[in-house]
2 protein chains.
Amino acid sequence: MSTLYGNAIVGQSGGPSSAINATLAGIIRGACADMGVHIKKLYGMHHGIVGLMRGDVINLTDIFFKDGIIDLEGLESLSLTPAAALGSCRKKLPAPGDEDEELVMEAIFRQLSELDIKYFFYIGGNDSMDTVAKLSEYARKKDIAINFVGVPKTIDNDLVGMDHTPGYGSAAKYIATTVGEIIRDTAVYVDPAVTIVEIMGRDAGWLTAASALGRIVTGQAPDFVYLPERSFDMQRFFSDVEAALATHPNVVIAVSEGLQFADGKYVGEATQSSAVDVFGHKYLAGTAKALEIAVREKFGCKVRSVELSLPQRCAAHLLSAQDIEEALATGARSVRAAIEGATGIIMTIHRITDSTSGYAYDIGYEDISLIANRTKYVGDSFINAEGNNVTDECLNYILPLIRGERFPRYVGGLPTQFIF
Amino acid sequence: MSTLYGNAIVGQSGGPSSAINATLAGIIRGACADMGVHIKKLYGMHHGIVGLMRGDVINLTDIFFKDGIIDLEGLESLSLTPAAALGSCRKKLPAPGDEDEELVMEAIFRQLSELDIKYFFYIGGNDSMDTVAKLSEYARKKDIAINFVGVPKTIDNDLVGMDHTPGYGSAAKYIATTVGEIIRDTAVYVDPAVTIVEIMGRDAGWLTAASALGRIVTGQAPDFVYLPERSFDMQRFFSDVEAALATHPNVVIAVSEGLQFADGKYVGEATQSSAVDVFGHKYLAGTAKALEIAVREKFGCKVRSVELSLPQRCAAHLLSAQDIEEALATGARSVRAAIEGATGIIMTIHRITDSTSGYAYDIGYEDISLIANRTKYVGDSFINAEGNNVTDECLNYILPLIRGERFPRYVGGLPTQFIF
């Protein structure tokens with residue numbers, strides 16, 4: 001742990017979210033508050049480390065900190081803008097010992113040296129934390145004095161070592177709201193119909209679980225919720241659908257895009273692209289569509305599939321106030337951790353019990369090597385015994401994270417967005 | 001034209017929308033205001049005329065009008081609730097001379113007689129107006145004294161004889177907002193990628209046109225917008241995509257679900273269900289998916305398709321204040337028209353020029369036989385010469401209709417809905 005004096009740089013990486021810019025705004029605010037003490041200037045990488053390697057950076061201090069005054073209005077607008085405002089990337093760094101490790105690492109550290117970077121902030125999910133872990137480990141080995149801090153962001157909520165991730169609350173709020181509206185929409189007809197809603201989350205079912213929130217708030221929740229944490233069994237699924245259709249005409253089912261059969265085959269495999277992304281993840285599509293076809297063949301009733309798709313991670317017109325607050329706070333706190341000398345860390349959010357609201361949070365940090373490249377799954381106590389829904393314990397975990405509404409400023413009927 | 005004394009009844013029919021309950025609230029308010037003068041009670045049909053034929057009606061007066069006081073809070077909540085709160089149907093009435101005409105009509109008029117109905121309000125789109133036209137014509141022939149009033153509602157905005165329809169403004173606002181967010185989301189990466197967004201609108205391109213609103217408000221609009229009013233040409237489409245990819249990596253395209261080639265085949269036909277609905281419309285799905293496959297084969301780049309799907313007609317968490325105001329006003333005005341003796345009519349909204357805001361509206365009505373079963377298409381001056389986008393004149397037509405925001409009341413992080 002050492003205290004350094006120089007410039008700072010921040011990048012955004014991985015899939016965008018509705019809260020990733022609030023975290024960026026928090027880091028900018030934290031850096032401006034320190035300005036001249038440890039940090040001289042704050043740079044932003046365009047498109048993460050891919051941009052950094054090309055020297056494609058902008059001076060954020062120039063934009064948000066003029067004559068000693070922080071542009072709070074600009075930061076507010078940035079906070080409520082969806083999708084990585086600095087641009088993102090999905091670059092996987094070579095592992096120690098890989099053929100091209102030295103080449104890539106030298107290119108990155110040359111840029112960092114030229115910019116006199118002492119503090120490095122990287123906002124992202126699981127894969128982005130792998131980048132921070134590799135960079136900080138390389139710096140440690142080479143005795144390079146830069147503090148590397150990972151700042152969590154993922155709608156997937158699948159990082160270990162923390163209660164939840166910024167970005168999850170807003171996505172969960174959007175999903176619960178939209179599924180509630182779809183249930184309402186499908187309820188207007190009397191003829192038997194099954195609606196299958198597909199929700200993001202390749203490995204972990206946190207987002208799909210959020211579709212059930214209406215059950216303890218508005219009374220409107222899907223009949224069944226299938227998470228990727230349980231093997232999917234088509235016969236049990238048919239039994240579930242049959243039982244529901246016997247009691248009411250409009251059956252709504254939420255499914256994770258990542259549902260797999262017991263043999264490991266994806267439910268959506270029939271309509272799946274063979275492409276894999278650079279981290280080797282299979283690109284999935286069509287779980288709901290595959291089930292739509294199966295239910296229509298089996299029951300002969302009206303069946304519809306709906307993919308909530310991209311709006312789950314970019315619908316900034318409906319943000320969780322709690323999520324945005326925590327994203328900002330985590331960003332600001334990460335600057336403090338870095339200037340206090342921490343490196344090779346990831347910021348974490350912990351849940352503490354508050355006597356008034358029952359929920360409060362605290363921000364800390366953890367050794368990033370303990371967290372990167374691991375997945376936090378929905379726990380057993382959050383899934384019912386039948387494996388076709390979530391428990392109230394699960395919903396009570398999610399509920400505080402969707403509290404409160406933040407809306408962007410509207411001009412001419414449309415939400416405004418911050419553009420660099 | 002005759003003035004009658006008795007009960008009134010209201011039903012909702014066809015596809016739900018985010019504003020159809022505001023129209024219902026307007027009718028309830030109009031009826032309560034008249035209560036005891038011409039109207040004794042206001043009934044609501046459960047699931048439109050299908051429910052009416054079974055005698056499945058509820059007494060709305062009992063719910064919203066107690067001791068001479070109108071439940072304004074309840075009506076407000078109803079106004080901001082998506083999807084037909086009374087339930088809907090897609091029943092097509094037999095045409096005059098059809099074998100079952102007498103049977104069906106007698107069943108309906110028997111119920112109306114038993115309930116002592118003198119005023120009949122039916123909220124819906126094109127197909128629902130066909131119902132109103134047939135009922136009023138039958139009553140005229142049989143000399144039955146009931147005033148029949150159609151109240152327009154369709155997100156499709158495809159009714160002739162009026163400037164626009166309630167429901168369109170909120171759907172247009174949701175589409176423009178969501179497409180703007182998707183554009184933002186796709187812009188974070190530097191690799192060439194094409195995103196194709198599929199928008200509702202079987203015959204007319206009004207909803208798809210709304211995706212371009214960002215062009216004159218926030219600067220964020222799709223590169224191309226293809227409406228069903230123009231034949232779709234795959235080679236011209238490939239040329240458009242190629243030209244766009246040559247200037248920027250992230251190309252976003254909005255397409256109508258109803259796009260057809262010059263020979264009349266639907267673009268989405270490959271993935272289309274063979275089912276037709278009761279009005280004989282083909283059920284379409286997969287226009288964007290079909291184009292996604294074509295673009296991937298042609299260009300080999302990353303391609304993604306997004307169907308905005310059901311939320312287009314039920315996303316009541318983002319309503320146009322202008323739309324909700326007009327829906328309420330149209331409902332209330334329809335009661336006045338009916339008690340003044342009009343029958344066989346449909347309410348209409350006309351645009352007038354206001355010296356301050358440039359936009360004002362006026363509500364009138366028209367002979368329903370002139371309007372039912374016809375489709376209002378996007379006009380030539382609203383589509384560019386290349387047939388791959390809309391004109392500013394088109395956007396200036398839509399813009400006043402998305403003005404202002406109405407949000408539902410949130411409890412525990414989720415929007416509340418009115419439930420009968």
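Helix axes are lines fitted to C-alpha atoms over the stretch in contact, and the angle between two of them runs from 0 to 180 degrees between N-to-C directions. The model described here is predicted. In chain A, the axes of α1(A) and helix α4 (residues 72-79) come within 7 Å and cross at roughly 155°. An angle over 145 degrees counts as roughly antiparallel, so α1(A) is roughly antiparallel to α4(A). From α1(A), the contact draws on A:Asn21, A:Ala22, A:Leu24, A:Ala25, A:Ile28 and A:Arg29. From α4(A), A:Leu75, A:Leu78 and A:Ser79 take part. By class, this contact has 6 nonpolar, 2 polar and 1 charged residues.

Chain B holds a corresponding pair. Helix α1 (residues 20-34) of chain B packs with helix α4 (residues 72-79) of chain B at an angle of about 155°. Their axes are 7 Å apart. With that angle, α1(B) is roughly antiparallel to α4(B). B:Asn21, B:Ala22, B:Leu24, B:Ala25, B:Ile28 and B:Arg29 of α1(B) meet B:Leu75, B:Leu78 and B:Ser79 of α4(B). The residues of this contact divide into 6 nonpolar, 2 polar and 1 charged.

Helix α1 of chain A covers residues 20-34, which makes 15 residues. The span from its first C-alpha to its last is 22 Å, close to the 21 Å expected at 1.5 Å a residue. Of the 15 residues of α1(A), 13 are buried, so the helix is largely enclosed by the rest of the structure. A:Gly26 lies in this helix. A:Gly26 counts as buried, with 28 C-beta neighbours inside 10 Å. Leaving out residues up to four places away in sequence, A:Gly26 touches A:Ala327, A:Leu328, A:Ala329, A:Thr330, A:Gly331 and A:Ala332. A:Ala8 is 18 residues from A:Gly26 along the chain, and their C-alpha atoms are separated by 14 Å. Just after α1(A), A:Gly36 takes a positive phi of about 90°.

Helix α7 of chain A covers residues 168-186 and has 19 residues. Its first and last C-alpha atoms are 27 Å apart, close to the 27 Å expected. Here 19 of the 19 residues are buried, so α7(A) is largely enclosed by the rest of the structure.

Two residues other than glycine have a positive phi. A:Ser309 has a phi near 60°. A:Ser309 sits in the loop between β11 (302-307) and α11 (311-314) of chain A. With 22 other C-beta atoms within 10 Å, A:Ser309 is buried. The phi of B:Ala83 is about 65°. B:Ala83 belongs to the loop between α4 and α5 (101-114) of chain B. This residue is buried too, with 26 other C-beta atoms within 10 Å.

The two chains meet at an interface. There, 51 residues of chain B are in contact with 50 residues of chain A. On the chain B side, α7 (168-186), β11 (302-307), α11 (311-314), β16 (410-411) and β17 (414-415) each supply at least two residues. The most come from α7(B), with 9 residues. By class, this side has 27 nonpolar, 16 polar and 8 charged residues.

Nonpolar side chains tend to be buried together in soluble globular proteins. In this model, the largest nonpolar core has 272 residues. Those with the most contacts inside the core are A:Val197, A:Ala209, A:Ile398, B:Val197, B:Ala209 and B:Ile398. Beyond four places in sequence, B:Ala209 touches B:Val225, B:Leu227, B:Val378, B:Phe382, B:Val390, B:Cys394 and B:Ile398.

Note on methods
Residues numbered from 1 in each chain as written. Chains lettered and ligands numbered in written order. Predicted model: local features only at pLDDT ≥ 70, side-chain atom pairs only at ≥ 80, totals over all residues. Contact = placed C-beta atoms within 7 Å. Helix = DSSP H or I, 4+ residues; strand = E, 2+ residues; numbered from the N terminus. Nonpolar A, V, L, I, M, F, W, Y, C, P; charged D, E, K, R; others polar. Core = buried A, V, L, I, M, F, W, Y, C linked by C-beta atoms within 7 Å. Buried ≥ 20, exposed ≤ 12 C-beta atoms within 10 Å, placed from the backbone. Parallel < 35°, antiparallel > 145°, perpendicular 65-115°, else oblique. Expected span 1.5 Å × (residues − 1).
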